[in-house]
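The sequence and structure come first.

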Amino acid sequence: MRERALESIEGSIACLKNAAGRDEPVSTEADLDVFATKFAFENWVALLAFLRESVILLDKRTAQISRVLPTDMLTAWEFLADPQKLSSWMFPAEFEARAGAPFNFAPEGWHGKIGVFEEGRELRFDAVAGGWTWFSLDLIDGETVFKLRDYMAPDLIVPDDARTGSKSLTDDQPGGEGTHWQGVLSGWHCGVDDLRSEFSGKRHEWDYEALTRLYKILIEDYHRPY
């Protein structure tokens with residue numbers, strides 16, 4: 001059984017080849033570039049770079065995405081634990097960075113308490129609804145590595161304002177209740193890229209519609225029974 005999309009680069013490439021209707025080998029540089037353009041990427045190099053940095057699913061309810069941040073851990077921490085700086089790459093937030101403190105994210109109305117707090121290293125927001133989002137920093141080979149893990153509450157469904165107009169919930173949320181949909185993963189992908197750009201000065205201008213279409217294909221493959 002091959003690996004699923006969002007478990008590995010190989011699994012995601014196999015999924016996209018199937019979606020593009022490519023049964024024959026995709027091996028030459030020209031073939032790879034044509035293949036990439038089917039998903040609104042300029043060329044194969046750009047698509048491969050995206051897949052290397054895409055969200056992965058650790059299990060049905062837990063997504064993870066990471067970035068190497070070109071700054072020191074202390075500076076990176078400020079963009080996680082300072083509400084004003086966090087809002088520059090995530091969304092408006094109100095909280096005091098300490099264990100047990102209440103938090104509120106707007107405009108989503110996502111609120112709860114800080115369940116894990118270790119100064120300079122990790123911060124977890126535990127939502128009243130049952131899910132959580134966990135930020136962590138590590139120094140690996142001299143580089144600051146940021147990791148975001150997002151766990152969905154088991155009964156959470158895609159909100160009405162994020163629906164695509166389809167009649168079936170599974171069209172918008174392929175894994176069913178308590179799983180991620182394409183808008184969530186696309187949002188985290190854009191967010192962590194914006195976080196990195198705070199230090200690199202290089203901002204990636206994503207075609208958000210193309211990004212959500214691509215994540216929808218990958219999510220559907222991950223949850224497809226084999």
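In this predicted model, α3 (44–52) and α7 each supply at least two residues of the lining of the second largest pocket. That lining consists of Ala 46, Ala 49, Phe 50, Glu 53, His 189, Asp 193, Arg 196, Lys 202, Arg 203, His 204 and Trp 206. By class, they divide into four nonpolar, two polar and five charged. The space in this pocket is about 210 Å³.

The largest pocket has a volume of about 930 Å³. Its lining is made up of 32 residues, and Phe 91, Glu 108, Trp 110, Trp 181 and Val 184 are those nearest its centre. Two or more lining residues come from each of β5 (110–118), β7 (132–140), β8 (143–151) and α7 (182–200). Helix α7 gives the largest share, seven residues. The lining counts 21 nonpolar, seven polar and four charged residues.

Next is the helix at residues 9–19, α1. Which residues of α1 are buried? They are Gly 11, Ser 12, Cys 15 and Leu 16. These residues lie on the same side of α1, because they cover an arc of only 130 degrees around the axis. An α-helix has 3.6 residues a turn, so residues three or four places apart point the same way. Glu 10 and Asn 18, on the other side of α1, are exposed. After α1 comes Gly 21, with a positive phi near 70 degrees.

The last topic is the cysteines. A disulfide is a covalent bond between the sulfur atoms of two cysteines. How many disulfides does the structure hold? The number is zero. For Cys 15, the closest cysteine sulfur is in Cys 190, and the 19 Å between the sulfurs is too far for a bond; the cut-off for a disulfide is 2.5 Å. Cys 190 is likewise in no disulfide, with the sulfur of Cys 15 as the nearest cysteine sulfur, 19 Å away.

Are Cys 15 and Cys 190 buried or exposed? Cys 15 has 3% relative accessibility and therefore counts as buried. Cys 190 has a relative accessible area of 17% and is buried, because the cut-off for buried is under 20%.

Note on methods:
Residues numbered from 1 in each chain as written. Predicted model: local features only at pLDDT ≥ 70, side-chain atom pairs only at ≥ 80, totals over all residues. Heavy atoms only, no water. Buried < 20%, exposed > 50% of the residue type's maximum accessible area, 1.4 Å probe, protein only. Helix = DSSP H or I, 4+ residues; strand = E, 2+ residues; numbered from the N terminus. Arc of directions from axis to C-beta. 1 Å grid on protein atoms, 1.4 Å probe; cavity = no way out; pocket = protein on both sides within 12 Å on 5 of 7 lines; lining within 4 Å. Points joined across faces, edges and corners; volume = space filled by probe spheres on them. Nonpolar A, V, L, I, M, F, W, Y, C, P; charged D, E, K, R; others polar.
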